Amino acid sequence: MTGDPVLVRGLALAVPVAAVLAATWRGRVRRGLGERDAAAAILATLWNLEALIAVNLLAQDLGWWRFTAVGALYRGVPIDLLLGWALLWGAVPGLVARRAPIPLVAASLGWLDLAVMPLAEPVVVLGEHWLAGEAVAMAVALLPGLLVASWTAGGRRLPLRAAAQIVLAAAGGMALPIVLTGAWRQPMWVLGLMAQALAVPSLLGLAAVREFALAGRGTPLPYDPPERLVVTGPYAYVRNPMQAAMTGGYLLLALLDPVFLAAALVAFAYGAGLAAWHEGEGLTARFGGEWAAYRRAVRAWVPRWRPVAFPGAVASVYVATTCGICSQVGGWIVARRPAGLRVLAAEDHPAGLRRITYESADGRGAQGVAAIAHVLTHIHLGWALAGWTLMIPGVGRFAQLCMDAFGGAPRTLAVRNGPSPAGKPGGYGRPPGRRVTVCRGSGSGRGKVLPVPAGSTKEIGACLPQERSPD
């Protein structure tokens, strides 16, 4: 194979493609491949593709190896070699050896790569320290790709699966286009302002992926979807938060390079067309009327200012009434009329709470700053952005340390034998005021606000119950 560039480049792509096709055919014949296996192969290939792009660019700068190919190049790297390498390390083990031990698969593919690399001359010219480049490639591409494929195929390590998809989307959807277009070649003050502007859509997208994982028990990948319909978090404000975040980010980047305007149009067309049709059919089949009601209540692209509260998604926050600072916090929350949130006295909680505590309808809980972060998402979009910021790993922990240092440390509360009387001073129990139903469906009730008995869960047609704080 040495000395024939055409043969080298042809085999570098043809062999992995043939292996993927053979593995797919074999799996279908034996009915051993499912949607999760397809998702595992796709994610592993994408991970290797993005990581190997970086490794090969770095290899040329550090002298690990260089390429002498002509035509079909990306920054000097042959595209066919890059695609074949990504398939060989991503899709092939994801389909062929998805149940084999990861150390064994990694060792086998690593040995194969070490054997083939010297045979790729003159297309690939190895430098003195090419083994160091191989080690880096295995560490940042091969091993993580195998782990992501294993977790996805087995339905394990959901937070890490979701985090991997965030990295892939950020690198392939934002970082790579910025590098390719040269949009980063701007004065520092311009880049600083752009980074702050991009924080808004980025927070929306990150919070949506987080809600997918925690509330829906799934990921954004169509072959690895959530198990439950997600109507909380960013999804209470907009129906397509991740697609809206990506499109909004491209529109902002269009201020630096007009090519991003075309990217925004493509992203919007895909989200409003193919994705909406495909996902809509799947959601209708899986969730039926629940999806139909949600679709009528929440816009697809333009976020609401106030979130929509659904009957089955009402959360609770427990705030102490016998602590001066705590009761002020509780009063502040009540005054902002949070949607889909009950404000209750912490002294009434049977567990004997020591911090402000948030409990979602599906059983998830948070305390301290994390609880406040969740509460903020029930008020309006401005406060929700602050809440999603506090949910970023590390940010909330630092804020909690600061709060504890300035008097917000845990407190021991006396547990009452019974609930606090509704409406009495110091109690957050809501008096039997009004419960209203905001109608958004068709018929005579359209657009009206109709009073119903307190505590009622009655719905009128396709209306969505919401609680209103007492007058």
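## Exercises on a predicted chain

The chain exposes about 23,800 Å², of which carbon and sulfur atoms supply 65%; accessible areas come from the Shrake-Rupley method with a 1.4 Å probe, and for residues only the protein chains shown count as cover. This is a predicted model, in which local features need pLDDT of at least 70 and side-chain atom pairs count only at pLDDT 80 or more, while totals for chains, interfaces and linings use all residues. Residues are numbered from 1 along each chain as its sequence is written, and side-chain values use heavy atoms, with hydrogens and water left out.

### Exercise 1

State how many helices and strands the chain has, and what percentage of its residues is buried.

Solution. Step one: the chain holds 15 helices and 11 strands. Helices (H or I, at least four residues) and strands (E, at least two) are DSSP runs, numbered from the N terminus. Step two: of the 471 residues, 43% are buried, where buried means under 20% relative accessible area, exposed over 50%, and partly exposed in between (1.4 Å probe, protein chains only).

### Exercise 2

Describe how helix α2 packs against helix α7.

Solution. Step one: α2 (residues 35-62) and α7 (residues 158-181) pack at an angle of about 45 degrees, and their axes are 11 Å apart. Axes are lines fitted to C-alpha atoms, for helices over the stretch in contact, and angles run from 0 to 180 degrees between N-to-C directions. Step two: that angle makes α2 oblique to α7, since angles under 35 degrees count as roughly parallel, over 145 as roughly antiparallel, 65 to 115 as roughly perpendicular and the rest as oblique. Step three: the crossing of α2 past α7 is left-handed; a crossing is left-handed if the near helix is turned anticlockwise from the far one by less than a right angle, and right-handed if clockwise. Step four: residues making the contact include Leu43, Trp47 and Ile53 of α2 and Ala164, Leu168 and Leu176 of α7, contact meaning heavy atoms within 4.5 Å. Step five: by class, this contact has 9 nonpolar, 2 polar and 3 charged residues. Ala, Val, Leu, Ile, Met, Phe, Trp, Tyr, Cys and Pro count as nonpolar, Asp, Glu, Lys and Arg as charged, and the others, Gly among them, as polar.

### Exercise 3

Determine whether Val55 is buried or exposed, and identify its contacts.

Solution. Step one: Val55 lies in helix α2. Step two: with a relative accessible area of 4%, Val55 is buried. Step three: apart from neighbours within four places in sequence, Val55 is in contact with Trp65, Gly133, Val136, Ala137 and Val140. Step four: Val55 and Ala141 are 86 residues apart along the chain, and their C-alpha atoms are separated by 8.6 Å.

### Exercise 4

Describe the crossing of α5 and α6, then the peptide bond between Glu121 and Pro122.

Solution. Step one: the axes of α5 (residues 102-116) and α6 (residues 130-154) come within 10 Å and cross at roughly 145 degrees. Step two: α5 passes α6 in a right-handed crossing. Step three: among the residues in contact are Val105 and Leu109 of α5 and Met138 and Leu142 of α6. Step four: Glu121 and Pro122 are joined by a cis peptide bond with omega of about 5 degrees, and Pro122 is found in the loop between α5 and β4 (124-126).
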